[in-house]
Amino acid sequence: MDYPFFQVQHYIDGQFVDGGPRFEIIYPATNHVIGSAPEAGMAEVDAAVQAAARAFRQWSRTSVAERRLILKQFAQLIREHEAELAAIETWDVGRPISENRAGYIPRIAANIEFFADFAATHGSEAYPMDNGYINYVLRQPVGVAALIAPWNIPLLQATWKMGPALAFGNTVVLKPAELTPIGTWRLAQLAHEAGLPPGVVNVIHGFGPNSAGEFLTKHPDVRLISFTGETTTGKVIMTVAAATLKRVSFELGGKGANIIFADADLERAVAISLRSSFFNQGEFCLAGPRILVQRPIYETFLERFQAAAQRLNVGDPFDPATQVGALIAREHLDRVSGYIEVARTSAARIVLGGGRPELPAPFDQGNFLQPTIIVDVKPQDRVCQEEIFGPVVTVAPFDEEEEVIAMANGVSYGLSAVVQTRDVGRAVRLGAALEAGTIWVNDFFVRDLRVPFGGMKNSGIGREGGHYSLEFYTEAKTICLSNQ
């Protein structure tokens with residue numbers, strides 16, 4: 001097959017520049033080198049932060065209406081390059097192109113456009129006092145925002161952070177994951193073309209410890225950090241941020257429960273479970289890899305779910321018929337496969353998958369794994385407790401409502417859950433009882449940008465979305481007016 005070669009650069013102060021040793025970019029589906037990117041050192045990180053700090057003085061004073069026009073132009077350019085960005089995300093991640101074409105790029109544009117409109121239309125607060133004094137609240141940008149995006153949905157997460165940060169008047173230094181630098185580099189080009197002033201958006205590349213990530217989160221002129229990624233990394237960043245009292249917003253790991261009651265629409269339950277299990281090869285913090293099925297329909301569901309998962313097409317991510325692509329890297333494939341081996345050595349049974357699929361060259365060299373279903377598990381098993389982040393799910397029965405609530409809440413994570421039932425009262429009870437930041441009833445991954453998004457327990461700190469993003473990306477200032 002023909003491979004592109006992406007010569008990725010940093011974007012600092014309105015210029016595309018190199019700096020630091022270059023590292024290879026690998027296509028997950030074949031492990032072929034498709035480009036290289038520079039690793040930012042302390043000098044490049046400082047240059048980006050200083051550029052953002054200088055630009056903040058002007059951008060923060062730019063009228064909301066003017067910022068809105070520029071950001072909407074940015075969103076429009078994203079839409080105009082939909083096909084290109086969809087392909088780039090597949091080269092970056094190994095996700096099937098069919099998923100990138102199914103509304104993914106318009107959602108990326110919407111992340112920018114929504115917050116541009118929100119910032120321009122959001123009102124302020126006023127509190128008259130009985131003695132005639134009036135308090136009113138100003139919302140002002142915080143400063144330089146460090147935005148650290150993950151490798152699983154890099155374009156979506158980058159714009160989810162950029163949209164509110166920029167719309168509310170902050171300037172940003174964005175660091176994508178080292179495994180997926182291409183898409184954010186292209187975003188920087190579109191931001192430049194849209195007319196965002198130099199220094200307002202900066203993109204640097206590199207790794208975490210003793211590299212761009214560490215230097216950025218430690219920088220004294222960074223005032224806030226929005227991070228999506230692994231829980232362990234989030235704890236490290238929080239420790240570093242404490243030294244300079246940076247505000248933080250973290251979306252971390254997940255181990256969501258997908259709860260299916262006996263009264264659920266069985267056909268729909270299978271379809272929802274396929275998506276919540278195997279979308280993006282299961283490399284999705286919002287996934288529902290713990291499927292809990294009420295006992296009267298357990299065997300029937302398992303039979304139908306297994307048959308449907310077996311029909312999923314695994315292979316070339318650029319083939320429109322492909323439904324499951326490649327895992328991000330060989331190291332990650334080995335990690336996910338390790339959990340399957342743990343299951344093999346326990347009392348659990350693997351009823352589907354568990355190995356590498358047979359694929360023609362060059363995909364036989366890629367990071368592919370069969371959709372895998374594990375049964376006869378106990379809630380305390382590692383495969384039920386730890387985030388696997390791959391196309392591996394467990395299916396277990398339950399009897400009563402209280403029992404399944406305890407099972408669902410019995411992990412250290414609390415990002416999302418799915419409840420499938422026709423009983424509205426039960427849905428309300430489960431919605432209140434489950435320890436998760438987002439709970440979908442009879443569907444999966446439906447997002448409204450106005451509502452709060454984030455996790456409980458080890459799944460994160462804070463919420464973003466709508467006015468929750470306003471609270472994180474702005475300072476609230478009270479002005480008390482005398483009546484004299």
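Colleague: Which residues lie nearest the centre of the largest pocket?

Modeller: Trp151, Phe227, Gly229, Glu230 and Thr233 lie nearest its centre, within a lining of 44 residues. This is a predicted model, in which local features need pLDDT of at least 70 and side-chain atom pairs count only at pLDDT 80 or more, while totals for chains, interfaces and linings use all residues. Residues are numbered from 1 along each chain as its sequence is written, and side-chain values use heavy atoms, with hydrogens and water left out.

Colleague: What makes a space a pocket, and what makes a residue part of its lining?

Modeller: On a 1 Å grid over the protein atoms alone, a pocket is an open set of points with protein on both sides within 12 Å along at least five of seven lines, whereas a cavity is a set of points where a 1.4 Å probe fits but cannot get out; lining residues have an atom within 4 Å of a point. The largest pocket has a volume of about 1,200 Å³, a volume being the space filled by probe spheres set on the grid points, which are joined across faces, edges and corners.

Colleague: Which elements supply at least two residues each to the lining of the largest pocket?

Modeller: They are helix H8 (212–218), strand S11 (222–228), helix H9 (231–242) and helix H12 (330–344). Helices (H or I, at least four residues) and strands (E, at least two) are DSSP runs, numbered from the N terminus. H9 gives the largest share, seven residues.

Colleague: What lines the second largest pocket?

Modeller: The second largest pocket is lined by 18 residues, with Ala119, His122, Arg139, Gln140 and Leu470 nearest its centre. Helix H2 (64–80) and strand S7 (134–141) each give two or more residues to that lining, and S7 gives the largest share, five residues. The space in this pocket is about 380 Å³.

Colleague: Why is the contact between Asp117 and Arg68 called a salt bridge?

Modeller: A salt bridge is a side-chain nitrogen of Lys or Arg within 4 Å of a carboxyl oxygen of Asp or Glu. The N to O distance for Asp117 and Arg68 is 2.9 Å, so the pair meets the rule. Asp117 lies in helix H5 (residues 104–121) and Arg68 in helix H2, 49 residues apart. By this rule the count comes to 20 salt bridges.

Colleague: Are Glu89 and Arg95 buried or exposed?

Modeller: Both Glu89 and Arg95 are buried. They form a salt bridge, the closest N and O atoms being 3.2 Å apart.

Definitions and conventions. Buried means under 20% relative accessible area, exposed over 50%, partly exposed in between (1.4 Å probe, protein chains only).
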